[in-house]
Amino acid sequence: MDGILVIRKEKGYTSHDVVAKLRGILHMKKIGHTGTLDPAAEGVLPVALGKGTRLVELLTEKEKTYEAVLRLGVSTDTQDMTGAVLSEKPVTVTEEEVREAVGSFVGEQQQVPPMYSALKVNGKKLYELAREGKTIERKPRPVVFYEIRILDMELPLVRISVTCSKGTYIRTLCNDIGEKLGCGGAMEELLRTRSGNFTLEESMTLSQVEEAVADGTIGEKLVSIEDVLSKYPPSGKSLFPSRMYFPSIRSLPVHRRETDFSITETRFRKNWYREAAGKKKSGCIKAAEISQEYTAGMKENRNTYPSACFLYDTL
């Protein structure tokens with residue numbers, strides 16, 4: 001089988017647990033998920049099968065939408081209600097003050113990842129250090145909150161809908177809102193309702209996958225690679241992650257003139273721009289044009305990155 005299964009991850013499972021269970025249910029090894037969800041969270045988890053695993057990096061880049069319950073008046077070491085309580089304060093803020101604080105986070109932000117996260121520092125995961133009682137400095141990371149809506153408010157509880165970029169921690173958002181209000185805050189519930197073009201309505205639990213395998217209808221539940229790619233606007237450029245075709249700028253033939261292709265936003269930021277701003281080995285890359293194309297592309301359509309169009313020319 002090749003394609004994407006849209007799984008509804010249930011509470012208590014890690015994303016890796018879901019992959020492991022699917023390997024047993026489907027009797028195949030080549031499976032990968034497209035975005036980690038905490039064990040206490042639930043919701044949409046697109047899982048790639050077979051050749052569909054080539055789409056993992058592309059799909060991981062997509063924006064995501066969550067529904068979360070924020071509890072004001074409490075702070076924990078994990079920034080959600082599964083952790084140890086660090087402080088409790090009375091909630092004296094008004095609903096209008098809460099709305100103003102929540103709205104202030106919309107747009108580009110610098111977010112400090114929590115200690116209880118799977119990010120690695122010097123080869124060790126942060127949550128492993130946290131469990132050892134260690135706290136280390138974490139560098140803020142750029143994230144984007146495209147939309148934050150308050151769905152319901154009965155203080156100290158606030159239910160919000162958040163549409164954000166890859167790599168955003170919703171529990172950190174809850175913590176930061178609480179800090180801004182001066183009373184503290186922690187995430188009580190988290191449900192991912194959308195990941196890219198995949199929605200909660202089309203997702204399946206693991207038990208439903210088992211049933212589909214048993215009755216022979218699992219193929220009908222699979223989203224084909226062609227269907228996934230059809231959601232992208234035709235542009236004449238490949239929307240696969242760049243490393244599938246060009247693992248390095250230096251791998252491109254020098255004689256290829258005016259060649260353009262698109263890559264994912266993260267790869268552009270982390271890897272390719274450093275090469276573009278370098279000493280122009282094996283071809284002249286016009287960094288100014290890259291930046292203009294990248295900015296224009298992001299403004300035109302945040303959900304389907306044309307990312308950056310690289311114009312290659314020879315020296």
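This note goes through a predicted model, from the whole chain down to single residues.

1. Overall make-up. The protein chain has 315 residues, and 47% of them are buried. Its secondary structure comes to 10 helices and 15 strands. The accessible surface is about 16,100 Å², with 48% of that belonging to carbon and sulfur atoms.

2. Contacts along the chain. Take the contacts between residues at least 6 apart in sequence: 71% of them join residues at least 24 apart. One pair of residues illustrates such a separation in sequence. Leucine 59 and serine 195 are 136 residues apart along the chain, and their C-alpha atoms are separated by 8.2 Å.

3. The largest nonpolar core. This core holds 27 residues. Those that touch the most other members are Leu72, Val98, Val162, Ile170, Leu173 and Leu181. At least two residues each come from β4 (64–72), α3 (95–103), β10 (141–154), β11 (157–164), α5 and β12 (185–195). Helix α5 gives the largest share, five residues. As a general point, nonpolar side chains tend to be buried together in soluble globular proteins.

4. Valine 162. Leave out residues up to four places away in sequence. Valine 162 then touches Lys64, Thr65, Tyr66, Phe145, Glu147, Ile148, Ile170 and Leu173. Of these partners, Ile170 and Leu173 are also named among the core residues that touch the most other members.

5. Asparagine 175. This residue sits in helix α5, which spans residues 170–181. Is asparagine 175 buried or exposed? Its relative accessible area is 10%, under the 20% cut-off, so asparagine 175 counts as buried. Neighbours within four places in sequence aside, it is in contact with Gln79 and Gly185.

6. Helix α6. The helix runs over residues 206–214, and Leu206, Val209 and Ala212 in it are buried. Why do these residues lie on the same side of α6? They cover an arc of only 115 degrees around the axis, which puts them on the same side. Glu211 and Ala214 are exposed on the other side. The buried residues of α6 pack against β1 (3–9), α1 (15–26) and α7 (218–221). Just after the helix, glycine 216 takes a positive phi of about 75 degrees.

7. Glutamate 63. Look for this residue in the loop between α2 (56–60) and β4. Glutamate 63 is a charged residue to check by eye, as its relative accessible area is 4% and it is buried. Which side chain does the side chain of glutamate 63 make a polar contact with? The partner is the side chain of arginine 194, at 3.1 Å.

8. Leucine 59. Helix α2 also contains leucine 59. With 6% relative accessibility, leucine 59 counts as buried.

9. Cysteines. How many disulfides does the structure hold? The count is zero. Cysteine 174 is buried, with a relative accessible area of 0%. Cysteine 183 is buried too, at 5%.

Terms used: Residues are numbered from 1 along each chain as its sequence is written. This is a predicted model: local features need pLDDT of at least 70, side-chain atom pairs count only at pLDDT 80 or more; totals for chains, interfaces and linings use all residues. Side-chain values use heavy atoms; hydrogens and water are left out. Helices (H or I, at least four residues) and strands (E, at least two) are DSSP runs, numbered from the N terminus. Buried means under 20% relative accessible area, exposed over 50%, partly exposed in between (1.4 Å probe, protein chains only). Contact means heavy atoms within 4.5 Å. A nonpolar core is a set of buried Ala, Val, Leu, Ile, Met, Phe, Trp, Tyr and Cys residues joined through side-chain atoms within 4.5 Å. Accessible areas come from the Shrake-Rupley method with a 1.4 Å probe; for residues, only the protein chains shown count as cover. The arc is that of the directions from the helix axis to the C-beta atoms. A polar contact is a pair of N or O atoms within 3.5 Å; within protein, one must be able to donate a hydrogen and the other to accept it, and residues adjacent in sequence count only if both atoms are side-chain atoms. A disulfide is a pair of cysteine sulfur atoms within 2.5 Å.
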